Amino acid sequence: KNIVILISGGGSNMAAIVRAAQQQDWAQRLGVRVAAVISNKADAKGLELARAQCIATEVLDHKQFASREAFDTALAALIDQYDPALVVLAGFMRILSPGFVAHYEGRLTNIHPSLLPAFTGLHTHQRAIDAGCKFAGATVHLVTAELDVGPILDQAVVPVLPQDTADTLAARVLSQEHLIYPRAIANLLSK
Ligand code: GRF
């Protein structure tokens with residue numbers, strides 16, 4: 001079973017998934033491998049990381065396309081060359097069109113840095129602080145047509161501390177993302 005991971009930036013979640021695949025021997029235990037990492041940005045740091053692990057990388061620049069649909073169609077064609085059992089969004093900062101989402105129904109996952117259904121969208125950490133939340137966290141979910149909604153696969157909770165800024169809270173949440181995203185994928189693909 002092939003996994004294709006989509007990134008736009010640092011790729012720390014992608015790296016955590018690749019590491020888990022190696023350390024937990026997903027190839028032997030689950031028959032799973034990370035087949036490709038695809039970025040919509042050529043300078044995404046995560047691409048170097050993937051190349052260093054000898055994983056195929058692809059860049060598809062959304063700015064080269066006239067519409068969201070045209071980009072999504074090209075993206076799906078690229079992804080499908082790897083015949084994926086699972087397509088993993090990991091800090092992929094593009095909204096995907098309903099047609100794209102439908103094409104990958106049940107095999108498209110995302111990680112969102114809040115305890116969904118609270119705080120969909122952007123700036124989740126500042127919004128959690130501003131709301132006076134005592135706890136925050138991250139959610140792995142299946143992607144459906146509506147943004148940041150869709151069946152929840154896994155979650156992690158962290159405390160919000162009195163001195164937290166959006167950055168300190170984000171770092172605490174991100175370290176948990178690195179645990180739950182590989183776990184959710186392994187669970188999903190072992191079914
Ligand atoms: C993560 O916080 C993820 O939840 C959000 O974007 C960030 C991506 O970080 N959607 P990275 O690229 O995996 O390091």
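## Annotated span

The end C-alpha atoms of residues 1–185 lie 12 Å apart, and this span is 38% helix and 24% strand. Helices (H or I, at least four residues) and strands (E, at least two) are DSSP runs, numbered from the N terminus. An unreviewed UniProt entry annotates residues 1–185 as "domain: Formyl transferase N-terminal"; such annotations may be inferred rather than shown by experiment, and positions follow the numbering used here, with feature names shortened.

The model is predicted: local features need pLDDT of at least 70, side-chain atom pairs count only at pLDDT 80 or more, and totals for chains, interfaces and linings use all residues. Residues are numbered from 1 along each chain as its sequence is written.

## The sheet

An open sheet of mixed pairing is formed by 7 strands in the order β3-β2-β1-β4-β5-β6-β7; two strands pair if DSSP finds at least two bridges between them. Because β3 (56–59) and β7 (152–159) each have a single partner strand, they stand at the edges, with one side left without a neighbour in the sheet.

Strands β1 (residues 2–7) and β4 (residues 84–89) run parallel and are joined by 5 bridges. Within this pairing, N2 stands opposite P84 in β4.

## A loop residue

G132 is located in the loop between α6 (124–130) and β6 (135–142). This residue counts as exposed (12 or fewer other C-beta atoms within 10 Å of its own, with C-beta atoms placed from the backbone), because G132 has 7 C-beta neighbours inside 10 Å. G132 and V160, 28 residues apart in sequence, are 8.6 Å apart in space, C-alpha to C-alpha.

Notes: Buried ≥ 20, exposed ≤ 12 C-beta atoms within 10 Å, placed from the backbone.
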